[in-house]
Amino acid sequence: MTNSGLQHRIGIGHDTHRLEPGRDLIIGGVPVPHDKGCIAHSDGDVLLHALTDAILGALAWGDIGEWFPDTDPAYRGADSLVLLRRVLEKVFAEGWQITNADCIVFAQRPKLSQLKPKIRERVAEILQVSPDQVSVKAKTGEHVGPIGREEAVAAEVVVLLGRNE
């Protein structure tokens, strides 16, 4: 079998944040109307955190906590989009491209079905890919566990990276 000269890497990321009244909720770089938001050192965007971890994992570059530790005051209240873009700069500089991203957001409330297209468009824009290379799904907790009790939100992402050798 001949090698086509194309390399692929797959990564998976996960993030969970507790919810608290009176905080902003941002998912995939999109402000989400809700009476609760994420408790986090940064802005708590679970989807962008999971996406960052998936990309870092695909390249065996560690995780978001190693790159942007919550013990560093420089990242207090940080915009997750800025952090992800810093990682993407290095990814693109190494010749990698995002082939696709498959994203799941877990939240009992708010219901995200109306916002999924906007989140998909925003994530595609951030990754510099076409929206048909990004999938955004929303799942509830079926009233089970911290997500089902509306105490937390979570996200999981799988990415495929590619580059020519």
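## A buried aspartate and its surroundings

D43 is buried yet takes part in no salt bridge; R23, the nearest side chain of opposite charge, lies 9.6 Å away. The model described here is predicted. In the chain, D43 sits in the loop that runs between strand 4 (36–38) and helix 1 (46–58). The side chain of D43 does have a polar partner: a polar contact of 2.4 Å joins it to the side chain of S80. Leaving aside residues up to four places away in sequence, D43 touches I26, H49, G77, A78, D79 and S80.

R23 itself is paired elsewhere. Its side chain meets that of E20 in a salt bridge, with 3.4 Å from N to O. R23 counts as partly exposed because its relative accessibility is 31%. E20 is also partly exposed, with a relative accessible area of 33%.

### The fold as a whole

The protein has 5 helices and 7 strands. Along the sequence these elements follow the pattern β-β-β-β-α-α-α-β-α-β-α-β. The radius of gyration is 16 Å, which agrees with the value near 15 Å that a compact globule of 165 residues would have. Taken along the principal axes, the box filled by the C-alpha atoms is roughly 55 × 35 × 25 Å.

Of the 165 residues, 47% count as buried. The accessible surface comes to about 8,600 Å², and carbon and sulfur atoms account for 49% of that area. Among contacts between residues at least 6 apart in sequence, 72% join residues at least 24 apart.

### Salt bridges

How many salt bridges does the count come to? The count comes to 6 salt bridges.

| Pair | Closest N and O atoms |
|---|---|
| R109 and D35 | 3.7 Å |
| D102 and K137 | 2.7 Å |

R109 and D35 form a salt bridge with their closest N and O atoms 3.7 Å apart. This pair links distant parts of the chain, 74 residues apart: R109 belongs to the loop between strand 5 and helix 4, and D35 to the loop between strand 3 (30–32) and strand 4. R109 is partly exposed, at a relative accessible area of 35%, and D35 is partly exposed at 46%.

In the D102 and K137 salt bridge, the closest N and O atoms are 2.7 Å apart. Here too distant parts of the chain are linked, with D102 in strand 5 and K137 in strand 6, 35 residues apart. D102 counts as partly exposed at 27% relative accessibility, and K137 counts as partly exposed at 29%. Salt bridges with shared partners also join D35, R109 and E150 into one network.

### Backbone features in the loops

The peptide bond from R109 to P110 is cis, with omega near 0°. P110 lies in the loop between strand 5 (97–106) and helix 4 (116–127).

Another loop, between strand 6 (134–139) and helix 5 (145–148), contains E142. H143 lies in the loop between strand 6 and helix 5 as well. E142 has a positive phi of about 50° although it is not a glycine, and H143, likewise not a glycine, has a positive phi of about 60°.

Are E142 and H143 buried or exposed? E142 is exposed, with a relative accessible area of 60%. H143 counts as exposed too, because its relative accessibility is 59% and the cut-off for exposed is over 50%.

Conventions. Residues numbered from 1 in each chain as written. Predicted model: local features only at pLDDT ≥ 70, side-chain atom pairs only at ≥ 80, totals over all residues. Heavy atoms only, no water. Helix = DSSP H or I, 4+ residues; strand = E, 2+ residues; numbered from the N terminus. Buried < 20%, exposed > 50% of the residue type's maximum accessible area, 1.4 Å probe, protein only. Lys, Arg positive; Asp, Glu negative; His and termini not counted. Salt bridge = Lys/Arg side-chain N within 4 Å of Asp/Glu carboxyl O. Polar contact = N/O pair within 3.5 Å; in protein donor to acceptor, adjacent residues only side chain to side chain. Contact = heavy atoms within 4.5 Å. Rg over C-alpha atoms; globule rule 2.2 N^0.38 Å. Areas by Shrake-Rupley, 256 points an atom, 1.4 Å probe, with all protein chains shown as cover.
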